[in-house]
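This report covers selected local features of one chain. The sequence and coordinates are shown first.

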Amino acid sequence: MRCAKRSALSPRASRTGPRPFLVGFAVETTDLVAAAQRKLETKKVDLVVANHASVAFEGDDNEAFLVRADGVTPTGKLAKRDLADRILDAVRTGLAPKS
């Protein structure tokens, strides 16, 4: 999968057809959850994965917060592959039909 930084992805993504489940990422140095909550609102995404800049790009482990409109889930320290699985689980949950 190729990823590209796009500043206006959200408005374009929801213009035609069913709205996709949108995930944003926030790599911050302070106030991770507050920054992620702001991004959730301003970017109109369904999930923001927030992690600290000091651990985001180095090593094999990472720690993040999964921020949704209905709450925040800390992941604790995980292998990056396991964190990716947690993110995908959150996306699957978000895509599940609401009863």
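## Ile87 and its contacts

Leaving out residues up to four places away in sequence, Ile87 touches Phe25, Leu47, Val49 and Leu66, where contact means heavy atoms within 4.5 Å. The C-alpha atoms of Ile87 and Val49 are separated by 7.7 Å, at 38 residues apart along the chain.

Ile87 is found in helix α4; helices (H or I, at least four residues) and strands (E, at least two) are DSSP runs, numbered from the N terminus. With a relative accessible area of 14%, Ile87 is buried. Buried means under 20% relative accessible area, exposed over 50%, and partly exposed in between (1.4 Å probe, protein chains only).

## Basis of the model

The model is predicted: local features need pLDDT of at least 70, side-chain atom pairs count only at pLDDT 80 or more, and totals for chains, interfaces and linings use all residues. Residues are numbered from 1 along each chain as its sequence is written, and side-chain values use heavy atoms, with hydrogens and water left out.

## Asn62 in strand β3

Strand β3 (residues 61-68) contains Asn62, which is buried at a relative accessible area of 6%. Residues up to four places away in sequence aside, Asn62 touches Asn51, Val55, Ala56, Gly76, Lys77, Leu78, Lys80 and Leu83.

## Asp82 in helix α4

Asp82 lies in helix α4, which spans residues 80-95. Asp82 counts as partly exposed because its relative accessibility is 39%. The C-alpha atoms of Asp82 and Asn62, 20 residues apart along the chain, are separated by 9.2 Å.
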